[in-house]
Amino acid sequence: MNRTTTARVTCLTGAGTAPELMAEAVLALHAVARLHGLRVDETHVPFGGVALARVGHVVPASTRTAILEADAVLVAGAEEGALSEVMRELDIRAQMTRIRFGHRDDVVLVAPFGDADAGWSVERAFEAAEARKLRLAAVGDDAWHQEVDRLAERHEHVSVEHLSPRVAIPLATFDASRFDVVAVAPPWAEAVFEIAAATAAARVAAHGLLAGHGPSLFMPSPDGGYALAGSGVANPSSMLLAAAMMLDQGLRWPSPAATLAGAVSAALVDGPQTPDLLRFGVGATSREFTARVVDGFQLAYANAEFWQGAA
């Protein structure tokens, strides 16, 4: 889409903790957009089991229309089976996972959605590297490395590292923060993505399904969704990072995306801990965690001209 000051976002909310998580994401989105002089117009439409109970179809016609008219789609409830039906409506070409470690470590993993999408997904990986630290690691076989090298000619400022899956998978397990952007060949994408995004203290992951034309989808890591439903204590960090990914990759608003992602990391390290992050004691609520994130915007909001260490 063209860069504008207003964006249309369609919100798809499933069951379980999804409504609570979407509420936190919308609160944070509006706050960070106001800080950067932008506006998000969100449309909430029925989806999945909720839509089935209301209108008898998991993806009603009105929901399809709202998705196709959006600039980006934010999903709470990645476990919903209806998500695959939504994906069939869109021109999905690559999957992207973003992982934050501690205050500043940040890794992006990119892989083709289908075999025919290799070149397109590698190009998106190079674009991400150019906007970050100018480093890209290619993980795959000889054919994959050749495809990466072919496109590297257009991105001469990006340093390319070639790794075999046998080397890359242990690194993703024990030292994922050594990477910046990683382009992964399809046969090894699932293993590398899951290992790098494995749950750990002060680590958060979110996911995007990037479209060649039309809106892309952004969602948090699946959380089981039901055990904590209605308690108001689900950890919203992955949902908030998904919103940051949407701002960056879906709406092409990198500055508010950096503000939100940096504040999420800071809250994970130093903020109130929700019950899933505690061994003992009383945990914070979802809203208390999000309030800490929003309060941290002023610290995470960097003037890129003067502060190159922006999150």
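## Terms and model

Two strands are said to pair if DSSP finds at least two bridges between them. The model described here is predicted.

## The chain as a whole

The protein chain contains 12 helices and 10 strands. Its C-alpha trace spans about 50 × 45 × 40 Å along the principal axes. A compact globule of 311 residues would have a radius of gyration near 19 Å, and the protein chain agrees because its own value is 19 Å.

Of the 311 residues, 52% count as buried. The accessible surface of the protein chain comes to about 13,800 Å², and carbon and sulfur atoms account for 52% of that area. Among contacts with a separation of 6 or more, 72% are made by residues 24 or more positions apart.

Strand β3 covers residues 72-76, and five of its five residues are buried. In a regular strand, side chains alternate between the two faces of the sheet. In β3, Ala72, Leu74 and Ala76 point one way, whereas Val73 and Val75 point the other way.

Strand β1 (residues 6-13) pairs with β3 in the parallel sense over five bridges. Within this pairing, Leu12 stands opposite Val75. Strand β10 (residues 217-220) is also parallel to β3, and two bridges join them. Here Leu74 has Phe218 of β10 as its bridge partner.

## Strand β5 and its partners

Strand β5 (residues 105-112) is mostly covered, with seven of its eight residues buried. Its pairing with strand β4 (residues 92-101) is antiparallel and comprises eight bridges.

Strand β8 (residues 181-184) runs parallel to β5, and three bridges join the two. Val110 stands opposite Ala183 of β8.

## Helix α1

The buried residues of α1 include Leu21, Met22, Ala25, Val26, Ala28, Leu29 and Val32. Glu20 and Glu24 are also among the buried residues of this helix. Just after α1, Gly37 takes a positive phi of about 70 degrees.

Notes:
Residues are numbered from 1 along each chain as its sequence is written. This is a predicted model: local features need pLDDT of at least 70, side-chain atom pairs count only at pLDDT 80 or more; totals for chains, interfaces and linings use all residues. Side-chain values use heavy atoms; hydrogens and water are left out. Buried means under 20% relative accessible area, exposed over 50%, partly exposed in between (1.4 Å probe, protein chains only). Helices (H or I, at least four residues) and strands (E, at least two) are DSSP runs, numbered from the N terminus. The radius of gyration is taken over C-alpha atoms; the globule rule is 2.2 Å times the number of residues to the power 0.38. Contact means heavy atoms within 4.5 Å. Accessible areas come from the Shrake-Rupley method with a 1.4 Å probe; for residues, only the protein chains shown count as cover.
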